[in-house]
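Please report on the pockets of this model and on the salt bridges within it.

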Amino acid sequence: MMTLVSSSFALFLALVFLRAFMHKAMDFTQFQGFVSDYRIMPDKLTFPLAVAIVATELGAISLSLFPQTRTLGMLIIITLLVVYAAVIAINLQRGHRHIECGCGGIPQRLDTSLLWRNAVLAVMALVPLTSPALPLTAAAVVATIMASLLLLFAFMLFENINAIRLHRNDTLHSQI
């Protein structure tokens with residue numbers, strides 16, 4: 001049972017990062033703008049940092065898919081989630097809330113809910129990190145794929161509801 005949960009979480013996280021990677025790679029110029037908006041690094045480092053982020057995400061996705069390299073993939077995913085959360089927290093502390101997170105999917109501005117989201121994803125990554133990647137039967141592979149897709153759909157639902165909530169809050173505050 002734990003192998004199924006572990007495999008499902010690993011595949012789910014790979015899918016979340018694949019979605020984010022695709023968002024960044026499909027409009028790399030826009031992604032560079034998101035990186036610049038965070039104002040963490042000097043502007044001249046925006047391009048190399050954006051390339052490094054996209055390459056690291058692709059590496060994490062690739063490593064997460066294979067049992068022999070899953071541990072390294074999960075370590076990279078946890079590291080990315082923690083770094084992303086730190087950068088979001090720094091900007092929230094600075095009062096820079098109207099920055100597109102650049103996470104992929106529906107546009108979302110910075111909010112503490114993204115910190116919680118990243119924390120939940122990082123905790124989920126601990127499961128495959130601490131569980132051995134054992135071979136799966138054909139039925140377990142199907143169950144893993146289905147569970148991962150269900151988790152992905154729930155994640156996308158959360159992101160949409162959260163984006164609507166943030167937009168509604170912005171609209172209410174602008175009317176006051």
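Helices here are DSSP runs of H or I with at least four residues, and strands are runs of E with at least two, numbered from the N terminus. The model is predicted, so that local features need pLDDT of at least 70 and side-chain atom pairs count only at pLDDT 80 or more, while totals for chains, interfaces and linings use all residues. Residues are numbered from 1 along each chain as its sequence is written, and side-chain values use heavy atoms, with hydrogens and water left out.

The largest pocket is lined by 35 residues, with Lys-24, Tyr-38, Ile-53, Tyr-84 and Cys-101 nearest its centre, and α4 gives the most to this lining, with 7 residues. To the lining of the second largest pocket, α1 and α6 each supply at least two residues. A pocket is an open set of points on a 1 Å grid over the protein atoms alone, where a 1.4 Å probe fits, with protein on both sides within 12 Å along at least five of seven lines; lining residues have an atom within 4 Å of a point.

The whole structure holds 4 salt bridges, each a side-chain nitrogen of Lys or Arg within 4 Å of a carboxyl oxygen of Asp or Glu. Three of them are listed here.

| Salt bridge | N to O distance |
|---|---|
| Arg-19 and Glu-159 | 2.7 Å |
| Glu-57 and Lys-24 | 3.0 Å |
| Asp-111 and Arg-165 | 2.8 Å |

Both Glu-57 and Lys-24 are buried, where buried means under 20% relative accessible area, exposed over 50% and partly exposed in between (1.4 Å probe, protein chains only). Glu-159 is buried at 2%, and Arg-19, Arg-117 and Glu-159 are linked in a network of salt bridges.
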